[in-house]
Amino acid sequence: MKKIDRRIIIVSAFIFIVGMSFGIMKFLIAQKEEPPARRDNDTRRYVQSVEVKYGTVESSVEAEGRLRSLSSVDIVAEASGKIIPGEISLKKGASFSKGELLFSIYKDEAELDLQGKKSRFMHTLANLLPDIRIDYPDYEKIFTDFFNAVNIYEDLPPMPEINNEKLKVFMASRNVLDEYYAIRRDELKLKRHNIYAPFNGSYSDVFLEAGSYTNTGGRVAHAIQTDVLELEVPVKRADAMWINMGDEVLVERPDDQSEFRGEVIRKGSFIDEATQSQSVFIRLESKKDRPLLNGEYLVATFPGHNIEETMEIPRNAVFNTDQVFVVNNERLEKRTIDILKLNERTLVFRG
């Protein structure tokens with residue numbers, strides 16, 4: 001009997017615990033808020049669109065190029081001899097101004113030889129003056145003044161004009177004209193012993209330094225102009241057609257955002273085979289406070305030109321090279337356009 005009561009108690013406790021757990025669970029479930037009803041998926045698609053309006057589009061061209069000196073020349077010796085230093089050090093990187101003496105070729109012997117020729121020429125003239133005084137009195141004063149103007153340390157004065165045929169024959173028979181023009185030729189040769197700067201610039205390379213000996217035509221140095229430079233910008237053939245001679249160009253140095261103003265001075269009449277681009281050259285002037293250096297890269301922005309009856313859109317709105325989507329009765333349709341100009345991020349079209 002005790003065994004039966006014990007089982008009844010165990011079963012009753014188990015049923016009580018299960019019932020209580022179920023009741024607590026129901027109570028907690030009742031306390032939880034109902035989740036919002038899930039809406040049906042919206043299957044409609046939306047696209048961003050703009051109204052097609054043709055008008056006047058101003059489109060600029062931007063490209064990068066390398067800066068070069070407007071003038072780049074070899075400095076050569078026009079006489080042979082020892083190189084004598086001038087006003088500027090004959091060293092790579094040295095700067096000079098137009099007209100300054102760069103260097104000289106030893107000329108003492110040439111000067112003495114020229115002075116000797118002038119002295120002999122004066123001796124010839126002195127022997128001719130008595131004959132001119134007697135036979136050609138009209139030319140006496142002219143040749144006397146010419147004789148007095150001759151200075152062996154200076155260039156010869158201009159030869160008097162001779163209109164008398166007999167006097168011409170007389171002067172030629174005494175080798176006066178031959179001596180005169182031989183001396184003028186040597187005067188020009190002597191001047192070539194001094195080499196002057198052809199522009200404001202600097203030496204980009206030096207082949208012979210002061211004290212070296214050179215022959216006539218020997219390369220002494222290579223010089224570049226530094227105050228005026230040109231920017232060579234390769235642009236696409238399609239973009240080059242919008243660039244005109246004389247256009248003012250905005251040029252920027254990417255490193256420090258410095259801006260310069262230049263002018264288109266010429267366009268290449270050929271296409272580079274490797275890049276299929278056409279070169280455009282821009283003239284720039286270097287300033288002391290903002291110097292431009294040969295060889296640096298700059299970015300040029302060419303002025304925009306008006307393209308009538310066109311529209312500009314992003315390049316990523318076009319697919320299959322020349323097709324776009326248009327919205328017609330809330331549906332998308334493909335249309336082919338006529339592309340007139342491609343920019344970095346946009347394009348200009350009609351059609």
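**Around the helices and sheets**

A: N175, which comes after helix α4, has a positive phi, near 60°. Helices (H or I, at least four residues) and strands (E, at least two) are DSSP runs, numbered from the N terminus. This is a predicted model, in which local features need pLDDT of at least 70 and side-chain atom pairs count only at pLDDT 80 or more, while totals for chains, interfaces and linings use all residues. Residues are numbered from 1 along each chain as its sequence is written, and side-chain values use heavy atoms, with hydrogens and water left out.

Q: Ok, which residues of α4 are buried?
A: L167, F170 and M171, in a helix that covers residues 165-173. Buried means under 20% relative accessible area, exposed over 50%, and partly exposed in between (1.4 Å probe, protein chains only).

Q: Why do those sit on the same side of α4?
A: They cover an arc of only 95° around the axis, which puts them on the same side. The arc is that of the directions from the helix axis to the C-beta atoms.

Q: And what does the face turned away from the buried side carry?
A: The exposed residues E165, K166, V169 and S173.

Q: What covers the buried residues of α4?
A: The cover includes α2 (108-135), α3 (140-149) and α5 (176-191). Contact means heavy atoms within 4.5 Å.

Q: What happens at the start of α4?
A: N164 has a side-chain oxygen that comes within 2.9 Å of the backbone nitrogen of K166. A polar contact is a pair of N or O atoms within 3.5 Å; within protein, one must be able to donate a hydrogen and the other to accept it, and residues adjacent in sequence count only if both atoms are side-chain atoms.

Q: Switching to α2: where does it bend?
A: At L128, by about 30°, and the proline P130 follows within four residues. The bend at a residue is the angle between axes fitted to the seven residues ending there and the seven starting there.

Q: Which residues of α2 are buried?
A: L114, K118, F121, T124, L125, L128, L129 and I132. Their cover includes α3, α4 and α5.

Q: Sheets now. What is the strand order in the one with β2?
A: It is an open sheet of four strands, β2-β9-β7-β4, with antiparallel pairing. Its edge strands, β2 (72-76) and β4 (95-96), each pair on one side only. Two strands pair if DSSP finds at least two bridges between them.

Q: How many bridges join β2 to β9?
A: Five, with β9 spanning residues 219-225. V76 is opposite R219 there.

Q: What about the sheet with β6?
A: Four strands again make an open antiparallel sheet, in the order β6-β5-β3-β8. In it, β3 (residues 81-85) and β5 (residues 101-105) pair over three bridges, and I83 has I105 as its bridge partner.

Q: How many residues lie between β11 and β12 in their hairpin?
A: Four, and Q257 in the turn has a positive phi of about 60°. E248 is bridged to E263 in β12, and E263 in turn has R283 in β13 as a bridge partner.

Q: Last one: is H193 buried or exposed?
A: H193 counts as buried, at 9% relative accessibility. It lies in the loop between α5 and β6. A polar atom of the H193 side chain is 3.4 Å from the backbone oxygen of Y106. Leaving out residues up to four places away in sequence, H193 touches A79, F103, S104, I105, Y106, K107 and A110.
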